Amino acid sequence: MTPRVSVCIPNLNTVAFLQERFDSVFRQTYPDWELFVYDSYSDDGSWELIQKCAATDSRVRLAQGPRNGPYPAWNECVAQTSGEFVYIATSDDSMAPDFLEKMVAALEKNPDCELAHSPLVVVDHDGREVPDHSWPACTIFAEGMEYLAKTPHVRHAPYDGLLQLTGRHTVLSITQLLIRRSLFSKTGPFTARWGSVSDFYWEMRAGLTTNTVHVPDTWATWRVRPNQASASVSAHSFEYYSRLEDMIAVAVSECGNTLPEAVQGALKSELSRTRDLRAYYATLREMRSSVLRRRVFQLEAFIGGSVAVRREILARILGKESWSQNAPAQTGRWLESLGMSPITLTSGSQGSRP
């Protein structure tokens, strides 16, 4: 019989964290899982440890393949498993013992959702929580939506995807998601087209096309450490901005026809407005070390910039919230005006962290 959940561990030279990752899977209170480990020919002792751990549980399968990067490895994991639900258990991270139990239960209770989303605990190399990288402060949900981190709810498509027009993530790490396998028929596989930041594109496609149930009373971790793949492009660089713009354009283009007609009709002007605002803020971030340059740029943008940029600058001068701070509420009101419900609060308990 096919296991209900396919837990996938893609690995390359993370032997220091593998035992913790295996333990986090073996300690799950939900038993109906398979574990598929895909190792990219590690040379740090990982493969030997993986074989040792696999020998302790018959639900574990192993394979090795070329070093093509994380996203091809994730795809290989999905292709070689068959569970109804998929969990990408990155090899240097962990999760609560009740993670699978509660995430599966949430998707069973909400069959119209193809993603379950948990709180995320950001930790350092040694597993200590990193306060200045706390979740949800590093996502769009920091903008007037912090209460949702502890509130059971369903976010209805295309709300999450539209929020990413701000250029900010709705999901910080793949480790906080349990994916219904059917979602891949809408998003396609993970892609490495934009290098180490390509998960933003898959995340946006998912947010535009499926509903997400948030499960506040469990957690997963995301480890921040030197030399990890996701740290290879600075979020404050124009290189990142250029990739971000391309990801947004491609995601909207590919998903546009699946959106409600009312959304499609208004999206063209919204794309132009948000593109101007992303460019404005990207330039400000690039100039963050020089107050004078920032002020000169803002003056020039106010005089010769687009209507959206001039309004944004004026709003900030008047002490009003920034565009990204307004985006969750503004996008929600827009969808409601079209007869759509962006968020539905559900029953559940308040979560806790380890």
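Predicted model: local features only at pLDDT ≥ 70, side-chain atom pairs only at ≥ 80, totals over all residues.
**Surface patch and buried cores**

The largest share of the nonpolar patch, 3 residues, comes from helix H10. The patch lies on the surface and is formed by Leu-299, Phe-302, Ile-303, Leu-314, Ile-317 and Leu-318, which together have about 630 Å² of accessible area.

Let me turn to the interior. In soluble globular proteins, nonpolar side chains tend to be buried together. Here the largest nonpolar core has 33 residues, of which Val-5, Val-7, Leu-35, Tyr-87, Leu-100 and Leu-178 touch the most other members. Helix H4 (99-109) is among the elements that give two or more residues to this core, and H4 gives the most, with 6 residues. Leaving aside residues up to four places away in sequence, Leu-178 touches Val-5, Tyr-87 and Leu-100, and also, among others, Phe-85, Met-103 and Leu-115. Apart from this core lies another, of 27 residues, which includes Leu-148, Tyr-159, Leu-162 and Val-263.

Finally, which residues of helix H2 (residues 46-54) are buried? They are Ser-46, Trp-47, Leu-49, Ile-50, Cys-53 and Ala-54. Seen down the axis of H2, these buried residues fall within an arc of 160 degrees, so they line one face of the helix. Their cover includes strand E1 (5-11), helix H1 (15-26), strand E2 (33-39) and strand E3 (60-64), whereas the face turned away from the buried side carries the exposed residues Glu-48 and Lys-52.

Key. Residues numbered from 1 in each chain as written. Heavy atoms only, no water. Buried < 20%, exposed > 50% of the residue type's maximum accessible area, 1.4 Å probe, protein only. Helix = DSSP H or I, 4+ residues; strand = E, 2+ residues; numbered from the N terminus. Arc of directions from axis to C-beta. Contact = heavy atoms within 4.5 Å. Core = buried A, V, L, I, M, F, W, Y, C linked by side-chain atoms within 4.5 Å. Patch = residues over 30% accessible without salt bridge, like charges linked within 9 Å, V, L, I, M, F, W, Y side chains within 5 Å. Areas by Shrake-Rupley, 256 points an atom, 1.4 Å probe, with all protein chains shown as cover. Salt bridge = Lys/Arg side-chain N within 4 Å of Asp/Glu carboxyl O.
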